[in-house]
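Thanks for coming. I will go through one protein model today, and I will keep to what can be read from the atoms.

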Amino acid sequence: MTPLPLGSKIGILGDGQLGRMLSQAASRLGFKVVVYGPDAESPAASVSAVSKVARYTDEAALDRFAAASDVITFEFENVPVSSLEYLVSKGAKVAPNARALGITQDRVLEKTFARSVGISTVDFYEVNTLDDLEKAIAINGVPALLKTRREGYDGKGQVWIRHADEVRAAFESLNGAKAILEAKADFLREVSVIAARGFNGEVRTYPVGENHHVKGILSTTLAPATISETLKKRAEDIARKVLEGLDYVGVLGVELFVLDGDELVLNEIAPRVHNTGHWTQDGCLCDQFEQHIRAVAGWPLGDTTARFQVEMTNLLGPDILAWETLSQEPNSRLYVYGKDDPREGRKMGHINRLKRAV
Ligand code: AMP
């Protein structure tokens with residue numbers, strides 16, 4: 001693809017903080033951003049040249065969005081696949097592709113895909129009925145983790161089954177949602193890799209980050225993490241297999257469990273820029289947001305070398321109220337998403353603290 005010229009229009013489906021930071025990166029490179037989402041006062045709309053406020057399934061609004069954009073991307077993985085397919089049918093250029101979105105929206109399809117390209121996952125079982133779950137527990141044993149196949153995030157839609165007598169209650173807690181039962185991963189650490197692929201097939205990978213979750217929500221990422229060469233190569237290899245297997249264009253995040261012996265097991269693929277990649281804003285010359293914009297605009301990919309080790313900390317809910325103190329910390333940079341209501345657990349901003357030059 002010939003690179004989109006300066007001043008071209010980039011459409012972003014989704015209007016949250018990831019859209020906001022994509023929009024800011026795009027405008028720095030001279031693009032105009034058209035953001036599309038359900039909320040007029042969203043984090044992304046307030047920093048974008050044009051904002052389209054509509055449901056993701058509104059075909060008339062999607063038509064206008066397609067007409068207003070030179071290329072369309074997304075920042076939210078629960079955009080309906082049918083909306084992407086509709087945009088493509090109307091002649092829009094869309095990246096990443098609809099197949100990649102469909103696979104990564106569904107934990108069973110995602111793990112099946114991972115295994116098909118030679119990436120390890122935990123053992124898993126498709127669960128549609130109580131009978132399926134009972135059979136899966138009989139094979140797998142306990143403990144095991146029951147998750148909804150779709151739309152789970154930040155630990156939502158997940159329940160541990162620690163005793164066989166908890167099976168029915170666990171099944172009922174998902175209210176009939178299609179589910180997956182996963183074997184417990186005995187991981188030593190949780191890491192992630194952020195990587196990009198261009199239209200020409202070029203792949204660039206950022207250094208691996210180590211992640212800490214509190215109550216199922218990402219709290220901190222330290223990157224580059226201290227890891228062995230073997231682990232680094234394995235993580236890069238996994239990122240490449242995912243990107244190539246999905247014929248992906250753009251940035252994605254792959255969450256991995258590190259087992260004994262530096263074995264890596266894929267937990268989840270996020271088909272978008274990722275919270276565990278925010279450290280790149282201050283650790284690298286080309287951060288994940290600029291990289292995604294470069295990829296979907298057909299520009300050459302940017303430098304993913306780390307210049308600084310960074311600790312990224314999410315500011316959840318009332319954490320943001322300490323903005324004045326945080327804004328005075330030396331060697332750090334504060335990012336605020338412009339959301340009004342700092343309710344418990346809500347991602348309101350983050351702070352990148354520089355640890356050392358690399
Ligand atoms: P997820 O929503 O799949 O990213 O899961 C949220 C968190 O739950 C992960 O970051 C892990 O800490 C934990 N977790 C998820 N799946 C498993 C598993 N199969 N075994 C052990 N822990 C898990």
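A definition before anything else: a cavity here is a set of grid points, taken over the protein atoms alone, where a 1.4 Å probe fits but cannot get out. The model is a predicted one, so please keep that in mind, since local features are used at pLDDT of at least 70.

With that definition, how many cavities of 30 Å³ or more are there? The count is one. The volume of the largest cavity is about 40 Å³.

Next, the residues around that space. The lining of the largest cavity is made of Glu 190, Val 191, Asn 211, His 213, Glu 255, Leu 256, Phe 257 and Asn 267. By class, that lining has three nonpolar, three polar and two charged residues. At least two lining residues come from each of strand S9 (189–197), strand S11 (209–214) and S13. Which strand gives the most? S13 does, with three residues.

Now the ligand. It is surrounded by 16 residues, and the closest are Arg 107, Lys 147, Gln 158, Ala 185 and Glu 190. Glu 190 was also in the list for the cavity lining. In terms of class, the shell around the ligand consists of six nonpolar, three polar and seven charged residues.

Strand S6 (144–148), strand S7 (158–161), strand S8 (179–183), strand S13 (250–259) and strand S14 (263–270) each provide at least two shell residues.

Gln 158 has a polar side-chain atom 2.7 Å from an oxygen atom of the ligand. Glu 255, which also lines the cavity, places a polar side-chain atom 3.3 Å from a ligand oxygen atom. With Ala 183 the backbone is involved: one of its polar backbone atoms is 3.0 Å from a nitrogen atom of the ligand. As for cover, the ligand taken alone exposes 470 Å², and the protein buries 89% of that.

Last, some backbone details. The peptide bond between Ala 95 and Pro 96 is cis, with omega near -5°. Pro 96 sits in the loop between helix H3 (81–89) and helix H4 (98–104). Val 142 and Pro 143 are also joined by a cis peptide bond, with omega about -5°. Pro 143 belongs to the loop between helix H6 (130–140) and S6, and S6 is one of the strands that supply the ligand shell.

Then there is Lys 215. Its phi is positive, about 50°, although Lys 215 is not a glycine. This residue is in the loop between S11 and strand S12 (217–223), and S11 is one of the strands that line the cavity.

That is the end of my part.

Notes. Residues are numbered from 1 along each chain as its sequence is written. This is a predicted model: local features need pLDDT of at least 70, side-chain atom pairs count only at pLDDT 80 or more; totals for chains, interfaces and linings use all residues. Side-chain values use heavy atoms; hydrogens and water are left out. A residue is near a molecule or strand if one of its heavy atoms lies within 4 Å of it. A polar contact is a pair of N or O atoms within 3.5 Å; within protein, one must be able to donate a hydrogen and the other to accept it, and residues adjacent in sequence count only if both atoms are side-chain atoms. Accessible areas come from the Shrake-Rupley method with a 1.4 Å probe; for residues, only the protein chains shown count as cover. Helices (H or I, at least four residues) and strands (E, at least two) are DSSP runs, numbered from the N terminus. Ala, Val, Leu, Ile, Met, Phe, Trp, Tyr, Cys and Pro count as nonpolar, Asp, Glu, Lys and Arg as charged, and the others, Gly among them, as polar. On a 1 Å grid over the protein atoms alone, a cavity is a set of points where a 1.4 Å probe fits but cannot get out, and a pocket is an open set with protein on both sides within 12 Å along at least five of seven lines; lining residues have an atom within 4 Å of a point. Grid points are joined across faces, edges and corners, and a volume is the space filled by probe spheres set on the points.
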